[in-house]
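Visitor: Hi! I'm new to reading protein structures. Could you walk me through this one?
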Amino acid sequence: MTGSASSGIAVVTGAGGGIGSAVARRLSADGYRVACVDVVAEAADATAGGLSDARAFRCDVSSAAEVDSLRTEIAKWDRGDVRLLVNVAGLFFEHSIVDLSEADWNRLIGVNLTGPFLTCRAFLPAMIAAGGGCVVNVASTAGLRGSRNRAAYSAAKAGLVMLTRSLALDHGKDGIRVNCLCPGLIDTDMAAWIREDPAALHRWEASTPAGRMGTPDEMAAAVSFLASPDASYVQGTVLSADGGVMA
Ligand SMILES: NC(=O)c1ccc[n+]([C@@H]2O[C@H](COP(=O)([O-])OP(=O)(O)OC[C@H]3O[C@@H](n4cnc5c(N)ncnc54)[C@H](O)[C@@H]3O)[C@@H](O)[C@H]2O)c1
């Protein structure tokens with residue numbers, strides 16, 4: 001356990017997904033009460049249902065109105081003592097920029113970048129008033145370098161990296177630590193595209209120092225560290241957990 005019984009509430013968006021559900025389980029084991037947030041209500045329910053002190057909340061993080069309602073609903077839950085916000089919710093699909101509709105651009109930016117803006121705007125004031133807190137944003141190695149057929153996704157994740165660094169500068173003095181995790185290729189539904197192409201997976205594994213995809217539990221361990229007192233001097237940083245892809 002890296003937190004404590006007084007760790008308060010951890011809000012985890014995308015908690016119904018591969019990485020988000022692992023993060024929710026890990027933070028629950030760390031001593032947090034976990035608000036499991038997902039746009040798919042059943043997925044949030046499934047994650048929260050397996051934890052001892054957790055609640056599921058359906059919310060589309062790209063909607064300001066829904067995020068504001070989320071804050072209200074969480075505030076009704078045992079005073080809404082939010083100490084940790086983990087922005088995991090994400091959307092990915094391959095695209096060529098010349099074929100990408102404005103609506104799909106807005107969807108990719110909306111979930112991957114506007115979402116963390118809206119949740120930070122919603123939850124930071126209470127953390128500041130409480131004297132401190134922590135934000136972990138889950139971006140991607142796609143936000144650290146260009147990659148083919150994912151220009152909008154990469155742009156959103158690069159934006160999330162800079163949102164992280166800028167908020168660390170703005171709110172460090174308020175006792176808020178803001179850090180970013182950049183996963184490499186992690187074995188979840190989001191990475192199904194490479195599972196469907198065994199030759200591409202083999203090529204990718206051969207070119208990667210770790211020789212394999214990462215696991216959701218490995219990402220959860222990194223989030224747990226960034227949120228923990230062990231990371232008390234880790235501020236505004238970008239941690240790649242990518243099996244060496246960025247080495
Ligand atoms: N899997 C990978 O290889 C990989 C690599 C780098 C970064 N990431 C990032 O990690 C995060 C988690 O990805 P994952 O692999 O667990 O994918 P996933 O598809 O398993 O989970 C994503 C979750 O986000 C939820 N979600 C989507 N849109 C939402 C919205 N508007 N509001 C609230 N929830 C929404 C989905 O319902 C889903 O439960 C994402 O931000 C993703 O970009 C994943």
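Visitor: Which residue in E2 stands opposite Ile-9?
Guide: In E2, Arg-33 stands opposite Ile-9. The names of strands (E, at least two residues) and helices (H or I, at least four) come from DSSP runs, numbered from the N terminus. This is a predicted model, where local features need pLDDT of at least 70 and side-chain atom pairs count only at pLDDT 80 or more, while totals for chains, interfaces and linings use all residues. Residues are numbered from 1 along each chain as its sequence is written.

Visitor: How many bridges do E1 and E2 pair over?
Guide: Strand E1 (residues 9-13) and strand E2 (residues 33-38) pair over five bridges, in the parallel sense. Two strands pair if DSSP finds at least two bridges between them.

Visitor: What about the whole sheet, what is the order of its strands?
Guide: The order is E3-E2-E1-E4-E5-E6-E7, an open sheet of seven strands with parallel pairing. At the edges are strand E3 (54-58) and strand E7 (238-241), each of which pairs on one side only. On average, neighbouring strands of this sheet are turned by 20° against each other, direction ignored. For angles like this, axes are lines fitted to C-alpha atoms, for helices over the stretch in contact, and angles run from 0 to 180 degrees between N-to-C directions.

Visitor: And which strands does H1 touch?
Guide: H1 packs on the sheet and touches E1, E2, E3, strand E4 (82-87), E5 and E6. Its direction makes about 170° with that of E1. Contact here has a cut-off: the C-beta atoms of two residues, placed from the backbone, lie within 7 Å. Helix H2 (residues 41-49) lies across E2 and E3, and runs at about 175° to E3.

Visitor: Back to E1. Why is it largely enclosed by the rest of the structure?
Guide: E1 is largely enclosed because five of its five residues are buried. A residue is buried if 20 or more other C-beta atoms lie within 10 Å of its own, exposed if 12 or fewer, and partly exposed in between, with C-beta atoms placed from the backbone.

Visitor: How many residues of E6 are buried?
Guide: Eight of the eight residues of E6 are buried, so this strand is largely enclosed by the rest of the structure too. Ile-176, Val-178, Cys-180 and Cys-182 point one way, while Arg-177, Asn-179, Leu-181 and Pro-183 point the other way. E6 pairs with E5 in the parallel sense over six bridges, and Arg-177 in E6 is the bridge partner of Cys-134.

Visitor: New topic: is Ser-28 buried or exposed?
Guide: Ser-28 counts as buried, with 22 C-beta neighbours inside 10 Å. This residue is found in helix H1. Leaving aside neighbours within four places in sequence, Ser-28 is in contact with Val-34, Leu-51, Ser-52 and Ala-54. The C-alpha atoms of Ser-28 and Asp-53 are separated by 7.5 Å, and the two residues are 25 residues apart along the chain.

Visitor: And Asn-149, buried or exposed?
Guide: Asn-149 is exposed, with 11 other C-beta atoms within 10 Å. Its place is in the loop between E5 and H5. Phi of Asn-149 is near 65°, a positive value in a residue other than glycine.

Visitor: What do the buried residues of H5 pack against?
Guide: They pack against helix H4 (102-130), strand E5 (133-138) and strand E6 (176-183). Among those buried residues are Ala-152, Tyr-153, Leu-160 and His-171.

Visitor: Last one: which residues come nearest the ligand?
Guide: Of the 30 residues around the ligand, Gly-14, Gly-17, Ile-19, Gly-90 and Thr-188 come nearest. Being near means that a residue's C-beta atom, placed from the backbone, lies within 6 Å of the molecule or strand in question. Helix H1 (residues 18-29) gives the most to this shell, with three residues. The shell divides into 17 nonpolar, ten polar and three charged residues. Here Ala, Val, Leu, Ile, Met, Phe, Trp, Tyr, Cys and Pro count as nonpolar, Asp, Glu, Lys and Arg as charged, and the others, Gly among them, as polar.
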